[in-house]
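Open the structure in your viewer and get ready to select residues. Each stop below says what to pick and what is there.

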Amino acid sequence: MSDIADRVKKIVVEHLGVEEDKVTESASFIDDLGADSLDTVELVMAFEEEFGIEIPDDAAETIQTFGDAVKFISEAA
Amino acid sequence: MRRVVVTGLGLVTPLACGVEETWSRLLAGQSGAGPITRFDPSNVVTQYACEIPRGDGSDGTFNPDDWMEPKEQRKVDDFIIYGMAAATQAVRDAGWEAPSEEEKLRTGVMIGSGIGGLTSIAETAVLIKEKGPKRVSPFFIPGALINLVSGQVSIRFGFKGPNHAVVTACSTGAHAIGDAARLIAFGDADVMVAGGAESPISEIGIAGFNACKALSTKRADDPAKASRPYDADRDGFVMGEGAGVVVLEEYEHAQARGARIYAEVLGYGLSGDAYHITAPSEDGDGGFRSMSAALARAGLSPAEIDYINAHGTSTMADTIELSAVERLLGNHAVNATMSSTKSSIGHLLGAAGAVEAIFCILAIRDQVAPPTLNLDNPAVTPKLDLAPHHAVRRRIDVALSNSFGFGGTNASLIVGKVR
């Protein structure tokens with residue numbers, strides 16, 4: 001797994017308090033990992049902080065799964 | 001009016017996490033004071049406070065993980081964790097954890113705080129200054145709002161009745177219990193989870209109360225001696241933290257389910273000083289009127305009060321309250337015992353009134369008045385027994401608890417044995 005994916009996974013595990021093996025490519029933050037809408041806002045902020053990037057609101061809305069996050073960040077970072 | 005009784009208790013205090021652990025240490029004359037460890041106090045004047053003993057949860061230590069998931073703790077200020085801990089204890093103690101849907105609709109929550117998420121407000125302000133407003137957490141507001149203790153407790157247990165929160169500085173806990181009892185008396189609910197929670201031991205909290213000249217500053221060498229209500233050498237209050245929560249219940253409702261009844265809420269009185277933002281009026285008239293109103297509501301005479309848990313913060317105002325109590329009790333003053341448990345646990349601000357009401361309830365249960373520590377040299381000669389140094393075993397059928405707050409807001413609660 002790429003370095004970016006590892007770092008994203010670490011953030012997700014920390015913020016949502018989920019087991020690492022639950023954080024799969026297709027795992028949805030809300031449907032599978034127990035996040036609510038405020039959690040997803042905080043997750044996006046944590047990604048921004050970790051990778052030094054800006055994730056605009058309309059782009060943030062497309063980040064629904066762990067895989068979406070890794071893909072977006074890989075392209076932006 | 002419907003009668004209201006107390007069927008559950010919960011405490012998180014500087015002596016211990018837990019009702020019995022706190023109570024036994026209080027009666028033994030222990031102090032919760034020590035050097036400040038919650039933050040680096042090198043830039044503030046007062047170097048000591050009464051902090052909750054943190055640990056793994058054994059031997060009366062407070063382990064936040066026992067009361068809230070770590071990932072949820074991160075989203076809230078400490079006062080909410082303390083409130084959740086005390087409320088969870090109280091609800092379990094009352095055996096009211098999983099009532100039916102119908103009963104949930106008739107169960108409400110009223111847990112207040114004096115200043116709520118002060119620490120997170122300060123930290124977030126610094127964050128904005130350093131990193132800009134886009135870095136503000138979505139959990140900042142719901143983690144700092146005072147009524148979010150009530151909100152969180154209602155979500156945990158599914159209590160769908162009245163959901164409310166009191167904010168009256170140091171009278172908060174007493175007002176919350178009194179107001180919640182009225183909601184039951186008026187029929188808005190059958191059960192109320194009520195009390196107060198506070199987490200003011202942070203740089204901004206200590207600096208703020210230092211600036212008002214309200215805190216003790218002189219006893220960094222021996223913090224356990226700093227809170228000394230009525231003593232000639234007192235020099236301000238010692239900051240505490242924690243939460244006190246009770247389960248209040250309509251009398252027949254409690255009886256019907258065979259609940260253990262600790263005491264009855266007999267009276268509740270409120271008043272305003274209309275005098276000064278931080279000082280009580282010199283004649284103690286505000287406290288006198290709140291106590292008188294509570295007595296009138298209870299239908300009791302002053303001679304029927306056995307124990308008074310004073311507001312007694314270890315400031316100049318102690319003697320004002322003392323004279324107001326002596327005026328109220330008249331010739332009966334010599335028969336009553338009054339103590340300030342702030343000598344042991346410090347001042348828990350918005351949680352104080354609830355914690356001290358619980359001490360009154362336990363005083364009735366065990367027929368013992370907790371002591372006033374450090375009362376070596378009384379500033380005035382009291383007519384009342386102020387229980388210096390040692391707990392006093394005596395008959396206690398009726399107890400009164402006073403709470404007075406900044407802004408001139410006064411509350412008096414009277415609890416008694418169920419008759």
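Which residue lies over the face of Tyr251(B)? Select Arg3(B): Arg3(B) sits over that ring, at 4.3 Å from the ring centre. A charge counts as over a ring if NZ of Lys or CZ of Arg is within 6 Å of the ring centre and within 35 degrees of the ring normal. Now pick Arg327(B), which lies over the face of Phe288(B), at 3.6 Å from the ring centre.

A word on the model before you go on. It is predicted: local features need pLDDT of at least 70, side-chain atom pairs count only at pLDDT 80 or more, and totals for chains, interfaces and linings use all residues. Residues are numbered from 1 along each chain as its sequence is written, chains are lettered from A and ligands numbered from 1 in the order in which they are written, and side-chain values use heavy atoms, without hydrogens and water.

Next, the ring pairs. A search of the whole structure finds five aromatic pairs over all chains. Rings of Phe, Tyr and Trp (its six-membered ring) pair if their centres lie within 6.5 Å; planes under 30 degrees apart are stacked, over 60 edge-to-face, and the rest tilted. Select Phe62(B) and Tyr82(B): this pair is edge-to-face, 5.6 Å centre to centre, with 75° between the planes. Phe62(B) lies in the loop between β3 (48-50) and α2 (70-73) of chain B and Tyr82(B) in helix α3 (residues 78-94) of chain B, so the pair ties together parts 20 residues apart in sequence. Helices (H or I, at least four residues) and strands (E, at least two) are DSSP runs, numbered from the N terminus. Phe62(B) is buried, at 0% relative accessible area. Buried means under 20%, exposed over 50%, and partly exposed in between (1.4 Å probe, protein chains only). Then select Phe209(B), Phe237(B) and Phe406(B), which ring pairs link into a cluster.

Now the core. A nonpolar core is a set of buried Ala, Val, Leu, Ile, Met, Phe, Trp, Tyr and Cys residues joined through side-chain atoms within 4.5 Å. The largest one has 49 residues; among those touching the most other members are Val6(B), Leu9(B) and Val246(B). Helix α14 (residues 352-366) of chain B gives the largest share, 11 residues. A second, separate core of 32 residues includes Val12(B), Phe62(B), Phe79(B) and Ala86(B).

Last stop: the cysteines. How many disulfides are there over all chains? The count is zero, where a disulfide is a pair of cysteine sulfur atoms within 2.5 Å.
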